[in-house]
Structure formats: C-alpha cells, structure tokens
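Please keep the sequence and the structure in view while reading.

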Amino acid sequence: MAQQIPVDPQARADDPHRDAERDDATHAITDDVAYQRHVLVNVVFVGEPGAGDRGWVLVDAGVMGSKRAIEAAARARFGEGARPSAIVQTHGHFDHVGVLEDLAAQWEVPVYAHALERPYLDGSAAYPTPDPSVGGGLLGRLSPLFPTQPVDVSKNLKDLPEDGTVPPLPGWRWIHTPGHAPGHISLWREADRTLIVGDAFVTTAQESVYAVAVQEPELHGPPMYLTIDWDAARKSVRTLAALDPERVITGHGRPLQGPEMRRALKALADDFDRVAVPKHGRFVEKPLRAEDGSAYKPPR
C-alpha cells in the first residue's frame, strides 16, 4: 500500500519569505486567506488584513492550548480587538475544536457547522474511539488516547444553510465531504478556485510523528485512524478533485497549488482504494454512519 502521492516541493502554496516580511504569525495563501499551524493541525483566517472587528472568519479552532496564538495572529492580521464574524467548523474532532468553547464565548460569535456534526458540538454525542491498527506510525498507535468527547457550543451553534451558502463568507460555498466525519465539510471559492479541505484529504502522513514534523508535501487520504466511512471518504475526494482547484489548504500539512497539486489530487482520486484505504481495520470492515446512528456514541 503506497499511502501517499509524492508532490514536488515547488507546489507549496505558502511563501516563507513573504511571511517573514509580513510577520503576523500566519502563512498567507491569497490576499485574504492565511493559515496558522498548531503542532499538528492548521486553522485558517479568511479576511483582508486590517479588516477590523467582525471583518473576518476563523475556520476551525485548533488544539488545546492554541488560544493565545490564534488571538495574537488575529490582532496582528486584522487589528487590535478584531473579533471574527463567525467560526466555521469543517468538523468537530478534538484537534479542530481545541479552543472552540473559549473563543466562541469570549468573542460572542456564531459557530457554523453541518447539521450532522451538531451532536459533537452541542455535547450530545461522542465520536467513536479511533482505530490504532491502521496506517502505522506513532500517532496512529496512540490514537485511542485522543479525546473523543464532544464540546458544547450549543448557545452559539448554527447549522449551515442547506443551499450551500456560508452566511459569513460571501462568494464561498460549503460542500458536504463526509467519510472522515459524518458532517465534515470543505469550503470552496470558485472565483479563484481556492479550496479549504479540512481533513477530507491531507498533505502529510498524519499517522506519523516524523512526517508531521517534517511536513514533506504529499497527497494522502484522510487520517486513517479517525476515518469511519471509507466509501463516503472516496466519494468526497473525487468530488473535490472534480472541482479542479488552483490551491488547497488542508487541516494537516502544507497548502499546495498549481498543476502539480492537481496531478497528485487526480491520482489520489483515481487510485483512492490502493493509496488511502487500509487493507484491514475496524472501520473498513464495519463503517459507522449517521444514517443508522452508529457514528454517534453516548458521551461519558
């Protein structure tokens, strides 16, 4: 099993030299899209620099302990006291909601997510325990130790509209990309073909501590140990590849762009079963789905 599609480093969408000149603790991808890495996951800032209070949007909320770094980046990029107009969650796994409760309350901001992800965000259901038998690597083996309990932002939580619009982000639309999580979404801006992927696919071997540290650009399927429906995951990757994006920002790994990225993404979509799907595993043999309720476990 290959587990990855190698990508030429020249396909990186970030520019370290430009980031150093700007010095706002983020990595710019376009004029109004930047990301910040927190140990093993990325959060995304959408909005023009200097946009001010309620002039921007945060996509995902990092890991535990990342609150100060997110706040510092927001101040540097958008201005002192600049709160977002919303937080949009691609999904609710622990490494994407680490400081969501704190930020939502402090900023008094709505949190938008897919309706199928709501139980993980309103405290009513937990995720299944990860499968450590897939993917290899230390992070994969340690995955049963990862938190699966829900957060509770029910006071701020709003379902994304069924028409695909994202109320705080004109020009963007959300796309349901389940598999890694039942209500997983990706965000797409057709005007410049920018795609915020979440974990529908990633650009590093998230199961490996070494790969996460080095961040060599590669195309991978979603993190194996937490992907509960591989048939849905395959369809999601093929849906995103069909968009023919110019640039992609993933939840894990470096953002990529251009023809080399598209070649790799098409290869991943075409050969998903060989590259991304484990030969064996708990969720390979028995997928968990929202339709029958098996994806939602009682919280402790």
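## The five-stranded sheet

In this predicted model, 5 strands form an open sheet with mixed pairing, in the order β9-β10-β11-β13-β14; strands are DSSP runs of E with at least two residues, helices are runs of H or I with at least four residues, and both are numbered from the N terminus. Two strands are taken as paired if DSSP finds at least two bridges between them. The edges are held by β9 (173–176) and β14 (256–257), each of which has a single partner strand, so one side of each is left without a neighbour in the sheet. β13 and β14 run antiparallel and are joined by 2 bridges, and Arg247 has Gln257 in β14 as its bridge partner.

Residues are numbered from 1 along each chain as its sequence is written. Because the model is predicted, local features need pLDDT of at least 70 and side-chain atom pairs count only at pLDDT 80 or more, whereas totals for chains, interfaces and linings use all residues, and side-chain values use heavy atoms, with hydrogens and water left out.

Strand β2 (residues 27–30) runs antiparallel to strand β3 (residues 33–38), with 3 bridges between them, and a hairpin joins β2 to β3 through 2 residues.

Contact here means heavy atoms within 4.5 Å.

## The α7 and α8 pair

Helix α7 (residues 230–242) packs with helix α8 (residues 258–270) at an angle of about 150°, the axes being 9 Å apart. Val237, Arg238, Leu240 and Ala241 of α7 meet Leu265, Leu268, Ala269 and Asp270 of α8. The residues of this contact divide into 6 nonpolar, no polar and 2 charged, where Ala, Val, Leu, Ile, Met, Phe, Trp, Tyr, Cys and Pro count as nonpolar, Asp, Glu, Lys and Arg as charged, and the others, Gly among them, as polar.

## The second largest cavity

The structure holds 2 cavities of 30 Å³ or more, a cavity being a set of points, on a 1 Å grid over the protein atoms alone, where a 1.4 Å probe fits but cannot get out. The second largest cavity has about 50 Å³ of space, a volume being the space filled by probe spheres set on the points, which are joined across faces, edges and corners.

Its lining, made of residues with an atom within 4 Å of a point, includes Asn42, Asp60 and Ile249. β4 (41–46), β11 (194–198) and β13 (247–250) each supply at least two lining residues, and β4 gives the most, with 3 residues. By class, this lining has 5 nonpolar, 4 polar and 1 charged residues.

Definitions and conventions
1 Å grid on protein atoms, 1.4 Å probe; cavity = no way out; pocket = protein on both sides within 12 Å on 5 of 7 lines; lining within 4 Å. Axes fitted to C-alpha atoms, helices over the stretch in contact; angles between N-to-C directions.
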